[in-house]
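Subject: Structure handover

Hello,

Here is the structure for you to take over. Please open it beside this email.

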Amino acid sequence: MQRNLIERERRSNLKNLYSKLFSLLPPQPAKMSLVDNLELATVHIKQLQRQVEGLKQRKMQLDDKEGEAWNRVKSEGITPVLNIIDSDSIMEVNLVTGSDMKFTLGEIVSIIEEEGAEVIGATYSHAGKVNRNILSVHCEEIGYKSSKGLERLKSLIGDCM
């Protein structure tokens with residue numbers, strides 16, 4: 001009696017495991033035998049292994065190219081990029097620089113406030129791997145003199161290069 005119960009549990013466990021395995025396979029148009037499904041699973045797993053190997057090789061190639069590109073960027077230095085998005089009375093000032101920037105977020109905020117905008121929020125992030133600083137200032141324009149403010153920001157960035 002005990003052996004029958006153990007065998008029934010074993011078969012039930014195998015059935016559940018087969019079901020999990022077959023649910024991971026691409027859908028088949030017709031019902032297949034257990035042996036055919038197992039062969040299909042074997043073929044599918046081998047295809048996935050080949051794809052993984054191909055993707056690993058591709059990743060290594062891209063990492064090598066990316067490493068070369070970042071080494072060039074580091075040796076050449078990163079030119080700061082200033083972008084101002086102005087919509088209605090809300091303005092966003094975004095700045096991407098190399099990690100060697102010679103000015104602070106506070107200086108940028110000061111210029112924006114001196115030119116008549118109220119700063120709502122400001123963020124600073126450092127992306128260490130790519131050696132970049134990302135600054136973003138959100139503000140509300142209250143008599144903001146955009147052309148004068150933009151010139152002062154460009155001057156600050158240019159003087160510190």
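Below are the findings, grouped by region.

Please keep in mind that this is a predicted model.

Strand pairing
Start with strand S4, residues 132-141. S4 pairs with strand S2, residues 90-98, in the antiparallel sense. That pairing runs over nine bridges.

Nonpolar core
The largest nonpolar core has 15 residues. Those with the most contacts inside it are Met91, Val93, Leu95, Phe103, Ile108, Ile112 and Val137. Which elements each supply at least two residues of this core? They are S2, helix H3 (105-114), S4 and helix H4 (146-159). H3 gives the largest share, four residues. As general background, nonpolar side chains in soluble globular proteins tend to be buried together.

His44
His44 is in helix H2, which covers residues 34-76. Is His44 buried or exposed? Its relative accessibility is 18%, and the cut-off for buried is under 20%. His44 therefore counts as buried. What does His44 touch, leaving out residues up to four places away in sequence? Its contacts are Leu24, Leu25 and Pro26.

Best regards

Definitions and conventions: Residues numbered from 1 in each chain as written. Predicted model: local features only at pLDDT ≥ 70, side-chain atom pairs only at ≥ 80, totals over all residues. Heavy atoms only, no water. Buried < 20%, exposed > 50% of the residue type's maximum accessible area, 1.4 Å probe, protein only. Contact = heavy atoms within 4.5 Å. Pairing = 2+ DSSP bridges. Core = buried A, V, L, I, M, F, W, Y, C linked by side-chain atoms within 4.5 Å.
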